[in-house]
Amino acid sequence: MIDIKLLRDDPDRVRASQLARGEDPGIVDAILAADERRRSSLGEFESLRAEQKAVSKDVGAAMGAFQRAKKAGAPDAEHLEAVAHAARTKAAHLSDQVKALEANADEAGAELERLLRKVGNVIIEGVPTGGEDDYVVLETIGTPRDFAAEGFEPLDHLALGERLGAIDMERGAKVGGARFYYLTGVGALLELAVLNMAMAQATAAGFTPMITPTMARPEIMLGAGFIDAHADEVYRLEADDLYLTGTSEVALAGYHADEIIDLSAGPKRYAGWSACYRREAGSHGKDTRGIIRVHQFHKVEMFSYCRPAEAEAEHERLLAWEREMLAKIEVPYRIIDTAAGDLGSPAARKFDCEAWVPTQGKYRELTSTSNCTTYQARRLGTRERDPNGSGTRTVATLNGTLGTTRWLVAILENHQQPDGSVVVPQALRPFLGLDVLEPIA
RNA sequence: GGAGGCGUCGCAUAGUGGCCUAGUGCGCCCGCCUGCUAAGCGGGUUGAGGAUAAAACCUCUCGCGGGUUCAAAUCCCGCCGCCUCCGCCA
């Protein structure tokens, strides 16, 4: 959720952000009007409520005086009872009015909230305008191998995986249906090696390693921003009113929900290891071969809580850690700055690292790092003591990928040899215990 | 799945319908006093929202959400969380 104060103080900035995202800028005025209504109805309710409280207190005092007089057999007991009764009648009358005004104010508040939720995070200056195809390539690292010059046709990751005894899609489908798979033998070991390397790097960089819940309650899911926009993407467990999370970002964002955290020593950084579940509802027919797009995979995710002023610098740091990981698997990749219309609603800016996939002749996403500024934390109630004064203020949250099952695709394809073997990148060898993966059939 | 217990300010506790504006102790912060420290004394110390130039001020907040009542920490209903025991279980 965006900051209503920003919207009041600088509505043009929010309008511009909406336009860049290809969304309705008119909602800004609707929100300002709803805000006005909420504040005036709240004022009406609160002042009458104050009066009601005062009168009600008089009732208490009058009742007390009457009871004492009655006990003592005082002659004015009857009179006191009448006084108490009159006060009670007045309070009862006020009570009805207060209830109506409160309902009014609640409704105005709910309407404001409903409108506010529809607005995506205000984008950071410099984010490209437009949709999915309007990204800007910031940098291209490494050069794709020339397989023609090497004299052989590269196999795709599934063909390689099957020869290596690393991937079994058929049995995956037998058990879980389409987009399920088994990682077997060196495949299973390779995934563990990638994820362990990611955890080791993160831990060395000062992240707290975490293994997180993969189910979350609706309010956490909503707070992290995964219900409004991604509702179709998410598995929901009807019987228990829980969601299967598509990333440990959900659990790491929820970790400090409704807390006041201490950032005086710098950002709090967590590296979450988890299974991830995605319905892939909107992608029928896309990437149906192999493990590029699957319903379940594993991921190591960086998550950072920092001060808002530091968020952009922290975003650069997360990107640098992603680059460090990508360098370790020695594949060509590029970095793109995602266009505004392709950002999730919590993100104010997003950088993806895309690895070269030789058999597709394309770069495919391996990592994604988003700066959510205060958008996620505001919904989740994660604040810090305001260092410049009294009270609290909302913190910024950021996330970024360090390794996933999909990385196997890039590793297998880019490091394959004419005989169907795959050379293991140097940095990965200590985690895998093998220098070369050899075909078994 | 069944039975029971519990949830109050950072922590510990008091409070079972109206002098509760939630008391007390500890911790923490500010000040006083004091060779230093400790003790002592005085004050402050949940969070959210509204109002304001800023305040004073007002509303809400006793796990969460409803309800009863003129009035709810207190009574009723639902939910969440934690604990104990029984049952079941890869």
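This is a predicted model: local features need pLDDT of at least 70, side-chain atom pairs count only at pLDDT 80 or more; totals for chains, interfaces and linings use all residues.
Next, show the protein residues around the RNA. Colour them by type: 11 are charged, 7 nonpolar and 5 polar.

Now zoom in on some individual side chains. In Lys53, a side-chain N or O atom sits 2.9 Å from a phosphate oxygen of RNA strand B. Arg8 also has a side-chain N or O atom facing a phosphate oxygen of the RNA, here at 3.2 Å. For Arg217, the partner is a sugar or linking oxygen, at 2.9 Å. Helix 3 (27–72), helix 4 (77–117) and strand 14 (383–385) are the elements that give two or more residues to this surface. Which of them brings the largest share? Select helix 3, which supplies 13 residues.

Then leave the RNA and display the sheet. Its 8 strands follow the order 1-11-12-13-16-10-9-4, forming an open sheet with mixed pairing. From one strand to the next, the twist averages 25°.

Stay at strand 1: it pairs with strand 11 (residues 333–337) in the antiparallel sense, over 5 bridges. Pick Thr140 and you can find its bridge partner, Arg334, in strand 11.

Finally, select helix 11 (residues 311–329). This helix lies across several strands, including strand 1, strand 11 and strand 13 (362–371), and runs at about 145° to strand 13.

Technical notes. Residues are numbered from 1 along each chain as its sequence is written. Chains are lettered from A and ligands numbered from 1 in the order in which they are written. Side-chain values use heavy atoms; hydrogens and water are left out. Two strands pair if DSSP finds at least two bridges between them. Helices (H or I, at least four residues) and strands (E, at least two) are DSSP runs, numbered from the N terminus. Axes are lines fitted to C-alpha atoms, for helices over the stretch in contact, and angles run from 0 to 180 degrees between N-to-C directions. Contact means heavy atoms within 4.5 Å. A polar contact is a pair of N or O atoms within 3.5 Å; within protein, one must be able to donate a hydrogen and the other to accept it, and residues adjacent in sequence count only if both atoms are side-chain atoms. Ala, Val, Leu, Ile, Met, Phe, Trp, Tyr, Cys and Pro count as nonpolar, Asp, Glu, Lys and Arg as charged, and the others, Gly among them, as polar.
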